[in-house]
Amino acid sequence: MQTDNTSPITINIRQNTGTYIAKAPGLKPTASCSTGPLQAAEALAKKLGLAPGLIQEQSIGGLGYGCSRFSHSGELATNTSDKAHCPNCGICHTRTETCNEAKARVGGAV
Ligand SMILES: [Zn+2]
C-alpha cells in the first residue's frame, strides 16, 4: 500500500458496544480500541505507518452518537530518534527511510 507523503488522512471513529472502531476512507486497514476514540485513531495511524502525535480531532456537527472524526497530516513515521533502532517500528533504519519502507525491506509489510 502506498500513501502520499503529504496528503491529509481522515480517520472516522464509530462506537460499537463499547469499542471504538477507526477507519480511514479509501484505506483498507481498520483498528479498534475500547479505551477511547483518540486511542483508536492512534492505533490506526500506527497501522498505516503514520507519524505519531499528529492526530487532531475535528469538531464537526452532524455526526451520530459515539462517532468522531480525526485528521492526520499524512506524514509517514520515520526514525526521528538518534538511535539506529527505530522507536516506532523496532527496525534499525535511518530517518531518510520511512517505517513503511523499513517494514517492506524486512518483509513484514502489511
Ligand atoms: Zn521505523
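Residues are numbered from 1 along each chain in the order in which its sequence is written. Because the model is predicted, local features need pLDDT of at least 70 and side-chain atom pairs count only at pLDDT 80 or more, whereas totals for chains, interfaces and linings use all residues.

**View 1**
The chain has 2 helices and 5 strands, where helices (H or I, at least four residues) and strands (E, at least two) are DSSP runs numbered from the N terminus. Read along the sequence, these elements follow the pattern β-β-β-α-β-β-α. The radius of gyration is 15 Å, close to the 13 Å that the globule rule gives for 110 residues, so the chain is as compact as a globular protein of that length; this radius is taken over C-alpha atoms, and the rule is 2.2 Å times the number of residues to the power 0.38. Along its principal axes, the C-alpha trace spans about 45 × 25 × 25 Å. Buried residues make up 27% of the 110 residues, a residue being buried if 20 or more other C-beta atoms lie within 10 Å of its own, exposed if 12 or fewer, and partly exposed in between, with C-beta atoms placed from the backbone.

The domain assignment gives domain 1 (9-72) and domain 2 (77-110), with bounds that come from an automatic or database domain assignment. The C-alpha centres of the two domains lie 23 Å apart. The contact takes 6 residues from domain 1 and 6 residues from domain 2, where two residues are in contact if their C-beta atoms, placed from the backbone, lie within 7 Å. On the side of domain 1 that touches domain 2 there are 4 nonpolar, 1 polar and 1 charged residues; here Ala, Val, Leu, Ile, Met, Phe, Trp, Tyr, Cys and Pro count as nonpolar, Asp, Glu, Lys and Arg as charged, and the others, Gly among them, as polar.

**View 1. Strand E1 and its two neighbouring strands.**
Strand E1 (residues 9-16) is joined to strand E5 (residues 68-72) by 5 bridges, and the two run antiparallel; strands are said to pair if DSSP finds at least two bridges between them. In this pairing, Asn-12 has Arg-69 of E5 as its bridge partner. E1 is also joined to strand E2 (residues 19-23) by 5 bridges, again in the antiparallel sense, and Arg-14 stands opposite Ile-21 in E2. Gln-15, which lies in E1, counts as partly exposed because it has 17 C-beta neighbours inside 10 Å. Leaving aside its neighbours within four places in sequence, Gln-15 is in contact with Tyr-20 and Gly-66.

Phi of Thr-17 is near 40°, a positive value in a residue other than glycine, although most residues other than glycine have a negative phi. The hairpin of E2 and E3 has 6 residues between the strands, and Gly-26 in the turn has a positive phi of about 85°.

**View 2. The largest nonpolar core and helix H1.**
Of the 19 residues in the largest nonpolar core, Ile-11, Ile-13, Ala-22, Ala-40, Ala-41 and Leu-44 touch the most other members; a nonpolar core is a set of buried Ala, Val, Leu, Ile, Met, Phe, Trp, Tyr and Cys residues joined through C-beta atoms within 7 Å. E1, E2, helix H1 (37-47) and helix H2 (99-105) each supply at least two residues of this core, and the largest share, 4 residues, comes from H1. This core draws at least three residues from each of domain 1 and domain 2. Not counting residues up to four places away in sequence, Ile-13 touches residues including Ile-21, Ala-22, Ala-40, Ala-41 and Phe-70. In H1, Pro-37, Ala-40, Ala-41, Glu-42, Leu-44 and Ala-45 are buried, and the buried residues of H1 pack against E1, E2, strand E3 (30-33), strand E4 (55-58) and E5. H1 is followed by Gly-49, whose phi is positive, near 80°.
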